[in-house]
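Subject: Handover of a protein structure

Dear colleague,

Please find below the structure that I am handing over to you.

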Amino acid sequence: SAGILLLLRWYLETCINDNDLRSHYDWFIITRADYLYICPHKPLHTFDERYLHVPASESYRGFTDRHLVVSARHVEPALRVLPYMMEDGSLPFWWQRFRGILSCQAGLE
């Protein structure tokens, strides 16, 4: 399941870049497909764009991957988890291969 999450984060980053979505949106709210965040958010204008915002209840000496509110300026580094895990910072060929298979035209909302 962690591998699937990493692939989906990379796919989302790819779709954001391919569709130039950072120029259209100021904020991104990213939630895992298997997670429901049913609490109302604070108004977006109260968030500080310098920080990644995660639910307060998710404090276990780390950051949750379940729900994230991030500014357009920081969405790419927030999603770029896999390259940081690779020794040389590059994605292996078998991950890059998915770019040609997946379409970024649907499911972005």
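A residue is called buried when its relative accessible area is under 20%, exposed when it is over 50%, and partly exposed in between, with a 1.4 Å probe and protein chains only. This is a predicted model, in which local features need pLDDT of at least 70 and side-chain atom pairs count only at pLDDT 80 or more, while totals for chains, interfaces and linings use all residues. Residues are numbered from 1 along each chain as its sequence is written, and side-chain values use heavy atoms, with hydrogens and water left out.

Overall organisation

The protein has four helices and two strands; these are DSSP runs numbered from the N terminus, helices being H or I with at least four residues and strands E with at least two. Their order from the N terminus is α-β-β-α-α-α. Of the 109 residues in the protein, 32% are buried. The accessible surface is about 7900 Å², and carbon and sulfur atoms account for 56% of that area; such areas come from the Shrake-Rupley method with a 1.4 Å probe, and for residues only the protein chains shown count as cover. A contact means heavy atoms within 4.5 Å. Among contacts between residues at least 6 apart in sequence, 65% join residues at least 24 apart.

The nonpolar core

In soluble globular proteins, nonpolar side chains tend to be buried together. A nonpolar core is here a set of buried Ala, Val, Leu, Ile, Met, Phe, Trp, Tyr and Cys residues joined through side-chain atoms within 4.5 Å. The largest one holds 10 residues: Ile16, Leu21, Phe28, Ile30, Leu68, Val70, Ala72, Val75, Ala78 and Leu79. Strand S1 (27-31), strand S2 (67-71) and helix H2 (75-79) each give two or more residues to this core, and H2 supplies the largest share, with three.

Leaving aside residues up to four places away in sequence, Ile30 touches Arg9, Leu12, Arg66, His67, Leu68, Val70, Val75 and Leu79. Arg9 counts as buried because its relative accessibility is 10%.

Salt bridges

A salt bridge is a side-chain nitrogen of Lys or Arg within 4 Å of a carboxyl oxygen of Asp or Glu, and by this rule there are five. In one of them, Glu13 pairs with Arg80, with the closest N and O atoms 2.3 Å apart. This pair links distant parts of the chain, as Glu13 is in helix H1 and Arg80 is in the loop between H2 and helix H3 (82-85), 67 residues apart. Glu13 is buried, at 6% relative accessibility, whereas Arg80 is partly exposed at 30%.

Another salt bridge joins the side chains of Arg22 and Glu76 at 2.4 Å, N to O. Here too distant parts of the chain are linked: Arg22 sits in the loop between H1 and S1, and Glu76 in helix H2, 54 residues apart. Arg22 is partly exposed, with a relative accessible area of 35%.

Arg50 also forms a salt bridge, with Asp48, the closest N and O atoms being 2.6 Å apart. Arg50 is exposed at 54% relative accessibility, and Asp48 is partly exposed at 25%. Salt bridges that share partners join Glu13, Arg22, Glu76 and Arg80 into one network.

A backbone detail

Asp20 has a phi near 50 degrees, a positive value in a residue other than glycine. Asp20 lies in the loop between H1 and S1 and is partly exposed, at 44% relative accessibility.

With kind regards
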